[in-house]
Amino acid sequence: MAAVPDPAGVDVGRADAQGYAAEWARAVRRLGFVPLSVAETERLLLVHTVRLAQAARAEPFSAHPAEEIGRALVEAHLTEPRALEWSLRVLGDDFPRRVLAVDGRPADLTERIAALQGGLAAGFARALRDRTFTQQERIARSAWQARDEVEQALRDSEARFRAVFTGAAIGIGIAGVDGQIIDLNQAFADMLGYSIAELRETNVAELFHPDDAAGMWELYQELIEGKQDSVRVEKRYYRKDGTVVWTDLAVSLIRYDDGRPRFTVAMIEDITQRYELQQRLRFQALHDPLTGLPNRTLFFETLGRVLDNARPDRRVGVCFLDLDGFKAINDGLGHDLGDRLLVVIGRRLAECVADHGHLVARMGGDEFVILVDGGDDIDDAVVVAEAALAAVAAPVHVGDQQLTVSASVGIVQCPAGETSASELMKAADTTLYWAKAAGRGRWAVYDPERSARDIARSALVAGLPAALDRGEFVLHYQPIVSLLEGTMLAVEALVRWEHPELGLIGPDGFIGLAEESGLIVQLGEWVLRQSCRDAERWSREFPDARLVVSVNLAGRQADDPAIVDTVADALRTSGLPAELLQLELTESAVMGSAGEPLRSLHRLAALGVRLAVDDFGTGYSNLAYLRRLPVHCLKLAGPFVEGIRSDGTDVVADHRDERIVDALVRLAHALELWVTAEAVETEVQAERLRALRCDTGQGRFFGAPAPAARITERLRAGVRPGPTSTPDSQVA
């Protein structure tokens, strides 16, 4: 093996220094952590191997280089004790042969190797001790520095806390778990009007407001028992001078290290102005700005609370009041006077029930409501309603005006467990509508059965448009027969509603609703067009019959400027001759015609259409006016015909009705008008009408209303009139 050069230029001969160093490096890495790479470890230990070889041969001999090598090993962090043990053992066993190339063990070399071993161990130990001392000193220095920093931080924290505690704008107080105040700042003392010394002698329980002391003490007990770590509430305190201060109070619990409650810290802020502002805003939000009475929102809150807290059998009621004709006062005398009137009415209503504690609220406009909480039966609510009506009815002096007004009241009362706030007010609103419909200055009591009928009626109104679109309406035709010859001259078209749930509904069940909703024009046009189509088929199939179809025309239809064009289009599209169409108008509609409606009647007559006055004799007939109308037929009202009976119950009335019918027939014939008697039910009636020279008749005796197919069968069979038995559902 080639010689390894000594760093000082000394040749170690044929020694295997490099192999020794490599084995030394492997042992060191195997026995402990080495912070150097493999190559770096081998280079370092090769240098130390060469130095040990030089020291072993040097003259004079010294073990000092071995001590430096031991120190160098520690400085290189090769401090694993087992590595040191390996290094010393191999230095005594293999070093002379492999590195010094000496065979055998000369005495002087053995001594030198032992000295080098001792020097290496001593240097390693001293360096390790020195490093330990250095690290301990550094740790101690760091600990002292950290302690100094903590103490300074505590002093700074205490100073900051004291500055915040003393100078805070909000009150801060510290109390023991027994409630005794330990410390507080000046803001706390100023807020309550005491001195700091006085409050330090006080227990927090002594500061609680009497109205909320129990609840506050329960919260405080939960806090000091550790059940809660903090609480925050808005509460009242009495100042030293007896005035009340509202505060926002936040209390936190401070614990010992073992978790036991130690003391409490309270932060308190004066929110009196904010609270008073909130109360004013709440009052404004829940009270009517004009009358000062509770408004709709507060009324429903109170009603809901009463219903929620009342026993199920406790009776709760409302009186819903609305002034009669108030709009006329507003429009005629001005809104300012109307507002002043409402203020007076509101004050009177509140005063008339003040002794009973009933809540009076203004719902809006001229509507007021009285909550009747309690009472044995509906009579108690009626007493309240009558008192309210009396209070409203008294004359009111507003400025230089003396006004007398009235009101209508809807009354509802029922057990709390059977209703809700919305249901109760809905019933009250419905009942108020009933009272309004009955006249001024009245009250009405809620009737569930009547309400159910109204609801069903409203459902029918709502379903009318869709029913027309879905084709649920059908036509039935009632024969109009010649009293002289017994032949069928005409049929009256009567509309029916085939309701998917209620079955067949007669006109009395929905015609009035259609007129109220305005759908009567659209429905009437459908009846007109369908009647014309059916009549045209009869005209083609039975041309000799010359059957006329009579169609009722509602007042709104007659007032419609487009009625003439509608009738003309129905005739044109169906192909029905105009003379086979008769339009029936009620007496009131015809007699009230003027302007455009009157011109429309003349234009309809010009088309060739026949015009008839229905229910003649029940209205206010102006004979001179009737003479100028293009009317072809009068239909006598049913009550006159019904009076012509021979059951012997009232002979005087029977003869009186017969004379009336006789006069009406003579009058119509004098005006060259055809006369049809309605509601002919018996053969006796038919005979007496024939004797009075009435032209035609219709009613159950001649045939009940039937579908178009039945009329077709009758025309085909040529059936003469006679008694019929038709189900009541088919009778007009």
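The crossing of helices H2 and H3 is left-handed, a label used when the near helix is turned anticlockwise from the far one by less than a right angle, with right-handed for clockwise. H2 covers residues 38–57 and H3 residues 64–75, and they pack at an angle of about 165° with their axes 9 Å apart. Helices here are DSSP runs of H or I with at least four residues, strands are runs of E with at least two, and both are numbered from the N terminus. Axes are lines fitted to C-alpha atoms, for helices over the stretch in contact, and angles run from 0 to 180 degrees between N-to-C directions. H2 and H3 are therefore roughly antiparallel to each other; the cut-offs are under 35 degrees for roughly parallel, over 145 for roughly antiparallel, 65 to 115 for roughly perpendicular, and oblique for the rest.

Before going further, a word on the source: this is a predicted model, where local features need pLDDT of at least 70 and side-chain atom pairs count only at pLDDT 80 or more, while totals for chains, interfaces and linings use all residues. Residues are numbered from 1 along each chain as its sequence is written, and side-chain values use heavy atoms, with hydrogens and water left out.

Back to that pair: H2 and H3 are roughly antiparallel, and Leu 45, His 48, Arg 51, Leu 52 and Ala 55 of H2 make the contact with Pro 65, Ala 66, Glu 68, Ile 69, Ala 72 and Leu 73 of H3. Contact here means heavy atoms within 4.5 Å. By class, these residues split into 8 nonpolar, 1 polar and 2 charged. Nonpolar covers Ala, Val, Leu, Ile, Met, Phe, Trp, Tyr, Cys and Pro, charged covers Asp, Glu, Lys and Arg, and the others, Gly among them, are polar. The peptide bond from Glu 59 to Pro 60 is cis, with omega near -10°.

Next come H1 (residues 17–31) and H4 (residues 81–93), which pack at an angle of about 155° with their axes 9 Å apart. That makes H1 roughly antiparallel to H4. Here the crossing is right-handed. On the H1 side you'll see Tyr 20, Glu 23, Trp 24, Ala 27, Val 28, Arg 30 and Leu 31, and they meet Arg 82, Ala 83, Trp 86, Ser 87, Val 90 and Leu 91 in H4. That contact has 9 nonpolar, 1 polar and 3 charged residues.

Further along, H12 (residues 326–333) and H13 (residues 335–352) pack at about 140°, their axes 6 Å apart. These two are therefore oblique to each other. Phe 326, Ile 329, Asn 330 and Leu 333 in H12 meet His 335, Leu 337, Gly 338, Leu 341 and Leu 342 in H13, a contact with 6 nonpolar, 3 polar and no charged residues.

On a 1 Å grid over the protein atoms alone, a cavity is a set of points where a 1.4 Å probe fits but cannot get out, while a pocket is an open set with protein on both sides within 12 Å along at least five of seven lines; lining residues have an atom within 4 Å of a point. Points are joined across faces, edges and corners, and a volume is the space filled by probe spheres set on them.

The largest pocket holds about 920 Å³ of space.
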